[in-house]
Amino acid sequence: MTTRSRSTESGLPVKPVYGPEALAGWDPGDRLGAPGAYPFTRGVYPTMYTERPWTMRQYAGFGTAAESNARYRRLIADGGHGLSVAFDLPTQMGHDSDAPIASGEVGKVGVAIDSVEDMRELFDGIPLGDVSTSMTINAPAALLLLLYQLVAEEQGVSGEHLTGTVQNDVLKEYIARGTYIFPPKPSLRLTADIFRYCRTELPRWNTISVSGYHIAEAGASPVQEVAFTLADAVQYVRTAIAAGMDVDDFAPRISFFFVARTTLLEEVAKFRAARRIWARLMRDEFGAKNPKSQMLRFHTQTAGVQLTAQQPEINLVRVAVQGLAAVLGGTQSLHTNSYDEAIALPSEKAARLALRTQQVLAHETDVTATVDPFAGSYAIESMTDELEFAALELMDEVEAMGGAVAAIERGFQKGEIERNAYRVARETEEGERVVVGVNRFRVDEEEPYEPLRVDPEIETRQCERLARLRADRDGRAVTRELDALRRAAESAAENVLPPMREALRARATVGEVCGALREVWGTHAPADSF
């Protein structure tokens, strides 16, 4: 077997030994600063976890709203600090559960949400003023956010008391996932409308979570993950400024979402480099004066793509290492994957074990005792610098093409990610990259495992629920509000969220609202047509 050269996941060299010479001329005042101060290399808050740990947020959602509600209640009872909602594919694509295109996908990879009634059931008995909720939704992000706000109002909780995040990162959909609906231009307009709306209606809400996670899961290296994520974020900032907003009015509510791999040292360096790049971009390019505008606050999820169906219990070890990398890298919230997710939706026991992993890190280790324990490490500081420089070079390539959207239209990011994914697959297949239980340390027989199954009757019940909704609601009111939404979408000056909210309040469905916008804005061509 050939010996794999020692290099990072990004292909940067790793030395066997690092000493003072690795940081010759290195200025800690410039490169590090103090925790909670520019350039935020050491973390976005002065005390980090020494006073309170990160938010333990478990990503969950499957089947019907009632089933997901039961899972959320158990996670909260088990000590979870926040909720993270997974939506099924039809909801992510703006289709109702009874649409022909949704057949076979209802409730499979997340919860089906068709209307305010589903959202009400999803959070039944959960006080929205007391929990922080993250929603992984992009093209129809505005709809799900407004449904959440409507349900909170029914609970007597005003928008100013709601906390959480809506992913709302459609650019990475064109790059890595494909759950886009509208062309880039109206999609960016919708993002800017969300920024404006939340500034007055939901001031504590994180209006976007610019996602490197899905870029990484598609095969990007850590350097590519940082570069393409921050290039997308730059595009969002420019869009909001072009729409007439001041950078310090919206930038404090921008958040990020990254992956944590098993390569702990590079991951720690990656998070520190990303904070430093973002701080300088916001201060020097966009003139942000508010320190909160310069902070790169991020949620982390452990690497789903590194989970294996072979010997799935090994994933418990992988997830623990990945979670530790996220914590040592200074994450603000964390989701740890369940060990059985490479096989099926996580079982209740597996989801609880994933949460317990975070609780062990927070309460049984000493990683919360001091801020940024790697500061000044010859190895980590060198790796941070090298990763930062490599990411900046790649960002410059995107910029030379005219920015993130122009590069997307040329297929640049997608092509770069695919080349890296192919490299990793080849190294794994040829044994250069060791994957325990897959290409080394295998067992002859796997232990039987009974995965969690989604009831196929869910789709039927959800369609029946939609039929009752349409029969019981005021159809003329729905038509009137959808017409108002179309007029707002046709006007470049009008924010589409207020009429969208009223349409949803009248019990228009997710599919009907997205359909009204499709009529005005059109849909985006498949990525392979670039």
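The model is predicted. Its protein chain holds 21 helices and nine strands. The nine strands form an open sheet.

**Overall build**

- The C-alpha atoms of the protein chain fill a box of roughly 75 × 60 × 50 Å along the principal axes.
- A compact globule of 530 residues would have a radius of gyration near 24 Å, and the protein chain agrees with its 23 Å.
- Of the 530 residues, 58% count as buried.
- Take the contacts in the protein chain with a separation of 6 or more: 79% of them link residues 24 or more positions apart.

**The sheet**

- The strand order is β5-β4-β3-β2-β1-β9-β8-β7-β6, and the pairing is parallel.
- β5 (205–206) and β6 (208–211) stand at the edges. Each has a single partner strand, so one side of each lacks a neighbour in the sheet.
- Ser211 has Phe257 in β7 as its bridge partner.

- β2 covers residues 82–86, and five of its five residues are buried.
- Both faces of β2 are covered. Gly82, Ser84 and Ala86 lie on one side, with Leu83 and Val85 on the other.
- β1 (residues 55–60) runs parallel to β2, and four bridges join the two strands.
- β3 (residues 132–136) also pairs with β2 in the parallel sense, over five bridges.

- Which strands does helix α11 (residues 264–285) lie across? It lies across β7 and β8 (298–302). The helix runs at about 160° to β7.
- Helix α14 (residues 348–363) lies across β1 and β9 (333–335). Its angle to β1 is about 165°.

Conventions:
Residues are numbered from 1 along each chain as its sequence is written. This is a predicted model: local features need pLDDT of at least 70, side-chain atom pairs count only at pLDDT 80 or more; totals for chains, interfaces and linings use all residues. Side-chain values use heavy atoms; hydrogens and water are left out. Buried means under 20% relative accessible area, exposed over 50%, partly exposed in between (1.4 Å probe, protein chains only). Two strands pair if DSSP finds at least two bridges between them. The radius of gyration is taken over C-alpha atoms; the globule rule is 2.2 Å times the number of residues to the power 0.38. Contact means heavy atoms within 4.5 Å. Axes are lines fitted to C-alpha atoms, for helices over the stretch in contact, and angles run from 0 to 180 degrees between N-to-C directions.
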